Amino acid sequence: MNLLRYIAGRLVVYILVVIFALTVLFFVPRLGPTDPVEAMLAKVASQGAYMDAAQVDALRQSLADTFGLDGSLWDQYGAFIKRIVLTADFGPSLSMYPTPVMELIRNALPWTFGLLLTSTLIAWVLGNFVGLLSGWKPNSTSSRVMEGIAICLYPIPYYILALLLSILFSYIWKIFPLTTTIRGAPWSWELITSVVWNSFLPAMSIVIVVFGWWVISVKAQTTALKEEEFVRYARLKGLGDARILSRYVLPNAILPQITFLALQIGLMFNGSLITEILFDYPGLGLLIYTAVLQGDFNLLMGTISLSVIAVATATMIIDLIYPLLDPRIRHR
Amino acid sequence: MAKFFADAPFRLYLGVVLVIVFIIFGAILPWFAPGDPLVWYTAPRNQNPSAAHWLGTTSLGQDVFWLLTYALRNSLILGLIVAGFSTVIGVFLGLAAGYAGGWLDRVLSFFMDALLCIPTLPILILMAALFGGQLALPIVGLALVLFNWPYPARQVRAVALTMREREFVNVAWFSGESSVRILVRHIFPYIAGWSAANFINTVLVGISTESALAVIGLSSAQQATLGTMIYWAINYQALLGGKYIWIGSPVVAIVLLFIGLFLVSSGVSMRSSARRMSI
């Protein structure tokens, strides 16, 4: 019963948060010193596309539609929220007319999700393993070296690491491709290897940073847990190190990291956007960048609303599964 | 100060040294620049490092070394201002929420949670795209403050909540001390160390987010920051031309500065928690 109330409470907060975020998105274009419609028209004109007066008027009207500039502010706000929440319709893309924005996003999302999920998982497994081992023997040389490396890796932003990796492995030693080019028929072996090969550097830039964090925090947790009564009991019972680590220390060391992950998702997402742009990786980040460069307002509003909603949703999902994972909270 | 460092962890020393080096680099060296390093064609183009140009020159005829000092100065100023405002606002609102409770707490907590869920960079990209392609540094700073105060506020609120129930706070209350005095004298010492660590961390986040925006050309490209240096280098194909020092110097500067800042912030928080334990 308590669990149900917790879930209901979280859901209400989630809905409020999404509406709040959309409200922010709604007001940003209206706060600016310039009229966004005119700015977009200037951008389109500066790209050298010739349009006669009638076409400009038509475009102005269609932009006013997508900005939702008709009616009072309150009407506009209502229409904006309704359109995004109920229909998830962002209109056609202006630069790849008439492809709907949602279709472009649908093609890009798997790339971003795949990149973030895979690299977080790899970093999680490696980081927990190394962090546990070095926390178990915190004063050994290898443990200190590992922590030193982790401390030097963690504060580096993803995109800086992405730049470093591409300087080292694409320019100086030409091992990995500079930009992403995917080849091969759907579901063929060639396609899979091509995806893995092209995703390697972007993924590494995320893996390395997240790995650094995981080593630091799991090591600190493990060192503290080692002194706990229940660990001493396990040792006195005659259990081996491997079993104590995996069954007694690991579950307790991992749990606090889950809430951290919830707070970190936004930052990870920010980082992956720039990484994608630097590597020409066909995910949401590159789509946002294309939208900015082309002055494609529909695409921009769609991608940004969706990324804000996605991050809020991911945060909520982590919050929701946390009590399922932690029996101490579940039984409270 | 001497007492502060007496039993500080080694990482704090290392971090402080690194950060001081960068502060000297960014705060003092720009005064000695031979001219405005931003102006194009004031130096021969595409030079390798030499006695006259320590880190070589860019394809635009700028001296990389002096450009880097200007970039560091601007990035540090931005980071410090963002961190200063975020920390002050965050600590104040966090204390208010935790200490006052009731509807004020509920409203403030909602805004903290909501703002933490919203990724900053997409919003900044949207603003940049709508406001004419590039964002001026003060606007970037303002937006960063808006999105970064909830981190300290949440933590401070949690501390203030537990503090309300502590005996010594009750004692102070019943002996007639005012709320303000209780906050300043009894609660603030508990959050000071953590706030300092958070302040330094926010400097890092501020510089990092501005640079991220700058690398894709959406921050103010006419100002030198660490990010815009990278942007110009990428834009002029520094990598294809093999001019690794031009693009490498801001990248290495960011890496070392951030490692320094992180060492200081984690060192400070380790130290302050050790001190709390010992009391």
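Is Ser194(A) buried or exposed, and what is its relative accessible area? Ser194(A) is buried, with a relative accessible area of 12%; here buried means under 20%, exposed means over 50% and partly exposed lies in between, using a 1.4 Å probe and protein chains only. Before the close-ups, a word on the model: it is predicted, local features need pLDDT of at least 70, side-chain atom pairs count only at pLDDT 80 or more, and totals for chains, interfaces and linings use all residues. Residues are numbered from 1 along each chain as its sequence is written, chains are lettered from A and ligands numbered from 1 in the order in which they are written, and side-chain values use heavy atoms, with hydrogens and water left out.

**View 1. Ser194(A) and its neighbours in chain A.** Helices are DSSP runs of H or I with at least four residues, strands are runs of E with at least two, and both are numbered from the N terminus. Leaving aside residues up to four places away in sequence, Ser194(A) touches Thr181(A), Ile182(A) and Arg183(A), where contact means heavy atoms within 4.5 Å.

**View 2. The interface of chain A and chain B.** Chain A brings 53 residues to the contact and chain B brings 41 residues. The size of an interface is often given as the accessible area lost when the parts come together. Between chain A and chain B the buried area is about 4,100 Å², and carbon and sulfur atoms give 86% of this; the value is the accessible area (1.4 Å probe) that the two parts lose on being put together, summed over both. Look for Phe20(A), Tyr159(A) and Tyr171(A), which supply 14% of the area that chain A buries against chain B, more than any other three residues.

**View 3. The side of chain A that touches chain B.** The rule finds 4 residue pairs in polar contact across this interface, both residues at pLDDT 80 or more. A polar contact is a pair of N or O atoms within 3.5 Å; within protein, one must be able to donate a hydrogen and the other to accept it, and residues adjacent in sequence count only if both atoms are side-chain atoms. Elements giving two or more residues to this side of chain A include helix H1 (2–31), helix H6 (141–153) and helix H10 (241–279). H1(A) gives the largest share, 10 residues. By residue type, this side has 46 nonpolar, 6 polar and 1 charged; Ala, Val, Leu, Ile, Met, Phe, Trp, Tyr, Cys and Pro count as nonpolar, Asp, Glu, Lys and Arg as charged, and the others, Gly among them, as polar.

**View 4. A network of salt bridges linking Glu147(A), Lys219(A) and Arg11(B).** A salt bridge is a side-chain nitrogen of Lys or Arg within 4 Å of a carboxyl oxygen of Asp or Glu. Glu147(A) meets Lys219(A) at 2.9 Å, N to O. This pair links distant parts of the chain, helix H6 and helix H8 (residues 189–225) of chain A, 72 residues apart. Glu147(A) is buried at 19%, and Lys219(A) is buried at 6% relative accessibility. Glu147(A) also forms a salt bridge with Arg11(B) at 3.5 Å, N to O. Arg11(B) lies in helix H2 (residues 10–28) of chain B and Glu147(A) in helix H6 of chain A, so the pair joins two chains.

**View 5. A salt bridge within chain B, between Arg157(B) and Asp105(B).** The closest N and O atoms of this pair are 2.6 Å apart. Arg157(B) is partly exposed at 21% relative accessible area, whereas Asp105(B) is buried at 11%.
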